[in-house]
2 protein chains.
Amino acid sequence: MANDKKVEQITDMEVDFAQWFTDVCRKAELIDYSSIKGVFIYRPYGYAIWENMQKILDAEFKKCGVENVYMPLLIPESLLQREKDHVEGFAPECAWVTVGGSETLEERYCVRPTSETLFCEHFHNIIHSHRDLPKCYNQWCSVLRWEKSSRPFLRHREFLWQEGHTMHATAEEAEAYTQRMLNVYADFCENVLAMPVTRGRKTDKEKFNGAEATYAIECMMHDRKALQAGTSHYFGDGFARAFDITFTDKNNQRVNPFQTSWGVSTRLIGGIIMTHGDNNGLVLPPKVAPTQLIVVPVAAHKPGVAEKAQELCDRLNAAGYRAKIDLSDNSMGWKCAEYEMKGVPVRVEMGPRDMANNSCVMVRRDNGEKTVVSLDELEQKAGELLEAVHNGLFEKAKRNLEEHTYVAHTLDEAKELQEKNGGFIKTMWCGELDCELQMKEKAGMSSRCIPFNQEHLDDVCPVCGKPAKCEVYWGVAY
Amino acid sequence: MANDKKVEQITDMEVDFAQWFTDVCRKAELIDYSSIKGVFIYRPYGYAIWENMQKILDAEFKKCGVENVYMPLLIPESLLQREKDHVEGFAPECAWVTVGGSETLEERYCVRPTSETLFCEHFHNIIHSHRDLPKCYNQWCSVLRWEKSSRPFLRHREFLWQEGHTMHATAEEAEAYTQRMLNVYADFCENVLAMPVTRGRKTDKEKFNGAEATYAIECMMHDRKALQAGTSHYFGDGFARAFDITFTDKNNQRVNPFQTSWGVSTRLIGGIIMTHGDNNGLVLPPKVAPTQLIVVPVAAHKPGVAEKAQELCDRLNAAGYRAKIDLSDNSMGWKCAEYEMKGVPVRVEMGPRDMANNSCVMVRRDNGEKTVVSLDELEQKAGELLEAVHNGLFEKAKRNLEEHTYVAHTLDEAKELQEKNGGFIKTMWCGELDCELQMKEKAGMSSRCIPFNQEHLDDVCPVCGKPAKCEVYWGVAY
């Protein structure tokens, strides 16, 4: 019977972090496997998180003058090859359509791994005058990258994302826009997802294929590995030249425009899980939680309790919160465990005693704290508690980030710190690829970013001892 | 200079309806061609119409208990083949991925032409008990159908749509849900898109591959051709058996659930164009128009006019309308023609005289009617005029539908009516495929639907003379 239903167990993260992660993804019903290796099904609860992210991000994009479009799924091979660096980066991961209907195609088509080439072909057709600029386009879609290994949310062969593509009259404007969009992502991560980020520029080795500069936000997960949460690329006029995109400027000269692209994906959901989750399951940041408050009646068979609980739920929804009620005959214990596992930020309990006191009990998911709330203040207190959960999650994640960011002055020290503690290791760097490769080979870390907030930690590169040019964050990345 | 800019000419629909349609699609910047035949680019103005449709439809779906998901893009060939009728229908139109990365795949994957098979595989994994039912899922995505011919919005090799897939405990519930969703579409077309519809059931010949019954809404275009605007399918337990989907019912028996699917696509945008458009271009139904009101200052160089016009625009947006202002130095004539071409439902003019009178002039796109509106009533009158445009469009389209729906009693009469007038020809029908094929061969018409509102027109089938079973609408369809 229903009352015997058990909430499925989740592996403790200290025992096996990877298994804990997979357990949460599956048992909170965020995702499921499909019959194709590396391709996943986004289930309603997982997809609803993405929809909430979309709504908020899309509104932010619009403030930056962005218009949504939809470009084709397929890219002719000849089109993909127009920009040399770009095709070299993506060709190994392309899935190819070679047959249409019953006929073998004359040219094969790649299922988009990203759409710079398609946007450039379109920009070539629609940009003629400085009056046509800037063009700030975005699309929400899925992309395919035929990778060998996969993990839910973190690495899919097919994943959902948004890709913004813009064209500007000057290099300065394009460069500024690249950074502006990175800041949109950074603010979104911090203010909406409660994930503190480090903002910076990628090294040449780590930048996007075909870009002049790639900027990224890097987050730290529970296991102290790094997650690249969003990127924004500045292309100069490289693609514009390759695709013959020109416009007549104010001096009546034909010149090339300057380009950016930027994207975040459902990988952010993986970031949320590994930043906020615990051994009881998911912990969702309130602003994107599909259900922000779950109302659970206590002793629901007692007269009036179910009705009163329903009234609370209705009031919360009317006030603009996403609230649900569980009137099923499952046990109180089951319900508490279930909604903890699902990461609902606040549980609202309503029983006979609460009714008598004109109050209810609100329980925070992040720290278990209980608050008796007068029903006269229901809506206001709900808002305050959701805000408190958000802040609690952010502060906790920030502590994790700060406590596990270390300074190293030698390669050995960097290696030892990483092996012992994980986290971000900050060092100076001479700027040479060889030293970056040695850090990877000997200390197992890739460069995460050259942070915008540069510190002076030392005078020399920890690898070669030559004069340092900048500070770099290193880490083991997802 | 800007003032010399011309609004591009559109071919008159009486001269060449197909060219008129293509001109509107291109020149109103709804769509563009890509480098792959039959694959189109949805431009910002066209995509924004789709986004407005999505918002409204998605809210209606939610009222029917629907949850959104995202299923994979690719279908393994073996999975597509699990339901015989289904694969026979779609295999000729499939595009196949045969290479992933640098390797030829062991099994080829079809880019989804529709996702019944993927949903069924997932349902097999997640449906176990009657407590798991109903499952009402929907996804917004693109699909690929490798067809020979193409036209903007009406027939793309890749198009955007939504596909709902549901599973129910009983046949009755599933059948009722199928019709419920058809009514959601019908109400949407009539109340939101101002497109009157005929609701009915498809003949066996015209039904969806693998369905037991297909219901459809049929609209009539300006050129009196029929457009199938939405379909809803009842599958019985056919797919459930093929995919071994079972659940334990309340009597503890393992049984198969009953299934539906239903969809509308960006073809609806084609329907809007061909229902409401005229020789000046697009005419958009206000509820989905990206811009509902365009504010145009008259003699904008005169002191205070531009500011006053901006104030109007701000007030309209604050009241929840989608309003824009054109402060460019293009001429008044150009602006009027431009926003007529773009189909903006209401133009708001504000000049020095209007300022002096504390009024503005509102011009309806559908009939050119001008109304002097006191600024004290700006918001209210804007709403009334948008409503009037909606009603005007609906009534005009309804007249077109009613005036071009004819009764025929013989095949010759049906053929003559169609050749002379176009439109829907109503006849009785014996129910035999052979008579349906003869109507196609001899009168050039396919059966559009067996309308829910059945009339008794005659006792016999107009083709074979045998006793009639039902009334059918026939037409030439897009």
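Student: Which residue takes a positive phi just after helix 2 of chain A?

Tutor: A:Gly65 does, with a phi of about 80 degrees. Helices (H or I, at least four residues) and strands (E, at least two) are DSSP runs numbered from the N terminus. This is a predicted model, in which local features need pLDDT of at least 70 and side-chain atom pairs count only at pLDDT 80 or more, while totals for chains, interfaces and linings use all residues. Residues are numbered from 1 along each chain as its sequence is written, chains are lettered from A and ligands numbered from 1 in the order in which they are written, and side-chain values use heavy atoms, without hydrogens and water.

Student: And where is A:Cys64 found?

Tutor: A:Cys64 sits in the loop between helix 2 and strand 3 of chain A.

Student: Buried or exposed?

Tutor: A:Cys64 counts as buried, because its relative accessibility is 9%; the cut-offs are under 20% relative accessible area for buried and over 50% for exposed, with partly exposed in between (1.4 Å probe, protein chains only).

Student: What is A:Cys64 in contact with, leaving aside its neighbours within four places in sequence?

Tutor: A:Cys64 is then in contact (heavy atoms within 4.5 Å) with A:Tyr177, A:Arg180, A:Met181 and A:Val184.

Student: Back to helix 2 of chain A: how many of its residues are buried?

Tutor: The count is 14 of 20, so helix 2 of chain A is largely enclosed by the rest of the structure. Helix 2 (residues 44–63) of chain A lies across strand 3, strand 7 (135–144), strand 8 (158–168) and strand 14 (258–265) of chain A, and runs at about 165 degrees to strand 7 of chain A. Such angles run from 0 to 180 degrees between N-to-C directions, with axes fitted to C-alpha atoms, for helices over the stretch in contact.

Student: In what order do the strands of the open sheet in chain A come?

Tutor: Eleven strands of chain A form it in the order 3-7-8-14-11-10-9-22-23-21-20, with mixed pairing; two strands pair if DSSP finds at least two bridges between them. At the edges are strand 3 (67–68) and strand 20 (405–407) of chain A, each pairing on one side only.
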